[in-house]
Amino acid sequence: MKKEWPLWEVFVRSKNGLEHRHFGSLHAADAEMALENARDVYTRRNEGVSIWVVESKYITASNPEDNGELFEPARDKVYRHPTFYDLPDEVKHM
Amino acid sequence: MKNQDLYNYVLGIADNSLILGQRLGELCGHGPNLETDIALTNIALDLFGQTRSLYQYAAKLEGDGKTEDDVAMLRLERDYKNVLLVEQPNQHFGHVIARQYLFDVFHYQLMTALLNSKDETLAAIAAKSIKEVSYHKRFSGDWLKRLGDGTQESHEKMQEAIDHFWPYTDELFDMTASDEKMAADGVGVNVSAMKDAYYKEVSELLEEATLEVPENPYFKKGGKEGIHSEHMGYILTELQYMQRTYPNMTW
């Protein structure tokens, strides 16, 4: 191929009720082909019930250099987790 | 054997899928790109899965302790009943797509009709196959449109590929003596009656792909009666090598 197809990110919902998760990426000429390629590359072992594809260029990613200001302030704020409550035994899945 | 006609009929369907699957399998690791390579191999595996059920059924009909491997791997060339279309070489990607699409439209029609078979095994195999075949047709049809309505070069190559395989399409609708018998019994499908619908569907897609529908007065046939093209011997040599060299081997 003289010209590479654009890169697409693939998100698959593995079963109803769960969220779509990032499965990987692939090359395709357009959205329709990306969907078919995703079906063949990522769901041929019965992994999914729904597929999303999005061209990789439309994803805005955070810059690793900014990790300090983005994420470090959250490290010492454990009180943002609801870990200081006594839960009754009857409440499950919290 | 109790029912030679049914046996022949089952093999007629099974051999098409085996040989086309073998052709597609040759592309494993050689597809035009990673994604298409996997897609073509998936289709080959679908076809092998379908044909395996059919060979198991055929082996049961043959009795005498025969297995699916005996039926699939150990017959002589003249005993294979696949159409000439599916044994034709891959050549370029346009050829792979043209051959696939021209077969898929037929295959889908056949499986749809076979759902109503009075033979429960055949109807069950058709029910399992039809979603796979439906996807095959979508895949090959989409590519046919892309390449036909693509660049000048892809258009020319796609037209050449369609022209090349067109003479093999008419054989799909021929009826052998066993086919006639099985259709009359409500077990098989009267494929000769599907011809108009087939050419209508294919022509509409070709038009959408900006390709010309070939006008070809000469059609090539013989595969259904066991008279194959020169390519068939090479396919069988590769296909049968393991079972013939190491009889009864299993993985």
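Axes are lines fitted to C-alpha atoms, for helices over the stretch in contact, and angles run from 0 to 180 degrees between N-to-C directions. The model is a predicted one, in which local features need pLDDT of at least 70 and side-chain atom pairs count only at pLDDT 80 or more, while totals for chains, interfaces and linings use all residues. Residues are numbered from 1 along each chain as its sequence is written, and chains are lettered from A and ligands numbered from 1 in the order in which they are written.

**View 1. Crossing of helices α1 and α8 in chain B.** Helices (H or I, at least four residues) and strands (E, at least two) are DSSP runs, numbered from the N terminus. The axes of α1(B), residues 4–25, and α8(B), residues 177–184, come within 9 Å and cross at roughly 105°. The two helices are therefore roughly perpendicular, a class that covers 65 to 115 degrees, whereas angles under 35 count as roughly parallel, over 145 as roughly antiparallel and the rest as oblique. D5(B), L6(B), N8(B), Y9(B) and G12(B) of α1(B) meet S178(B), D179(B), K181(B) and M182(B) of α8(B); contact requires C-beta atoms, placed from the backbone, to lie within 7 Å. Three nonpolar, three polar and three charged residues make up this contact. Here Ala, Val, Leu, Ile, Met, Phe, Trp, Tyr, Cys and Pro count as nonpolar, Asp, Glu, Lys and Arg as charged, and the others, Gly among them, as polar.

**View 2. The side of chain B that touches chain A.** Seven residues of chain B are in contact with nine residues of chain A. On the chain B side, α2 (34–62) and α6 (120–148) are the elements that give two or more residues. The largest share, four residues, is that of α2(B). By class, this side of chain B comprises three nonpolar, two polar and two charged residues.

**View 3. Nonpolar cores.** A nonpolar core is a set of buried Ala, Val, Leu, Ile, Met, Phe, Trp, Tyr and Cys residues joined through C-beta atoms within 7 Å. A residue is buried if 20 or more other C-beta atoms lie within 10 Å of its own, exposed if 12 or fewer, and partly exposed in between, with C-beta atoms placed from the backbone. The largest core has 67 residues, of which V10(B), A58(B) and L85(B) touch the most other members. Helix α5(B), residues 93–114, supplies the largest share of this core, twelve residues. A second, separate core of nine residues includes M33(A), A34(A), A38(A) and V53(A).

View 4. L35(A) counts as partly exposed because it has 15 C-beta neighbours inside 10 Å. Neighbours within four places in sequence aside, L35(A) is in contact with I51(A) and V53(A).

**View 5. The hairpin of β1 and β2 in chain A.** Strands β1(A), residues 7–13, and β2(A), residues 20–27, run antiparallel and are joined by seven bridges; strands pair if DSSP finds at least two bridges between them. F11(A) has H22(A) as its bridge partner in β2(A). Six residues lie between the strands, and G17(A) in the hairpin takes a positive phi near 100°.

**View 6. Positive phi at D64(B) and T210(B).** Most residues other than glycine have a negative phi. Phi of D64(B) is near 60°, and this residue is found in the loop between α2 and α3 (68–73) of chain B. D64(B) is exposed, with 7 other C-beta atoms within 10 Å. Phi of T210(B) is also near 60°; T210(B) is found in the loop between α9 (195–208) and α10 (232–245) of chain B and is partly exposed, with 13 other C-beta atoms within 10 Å.

Conventions: Contact = placed C-beta atoms within 7 Å.
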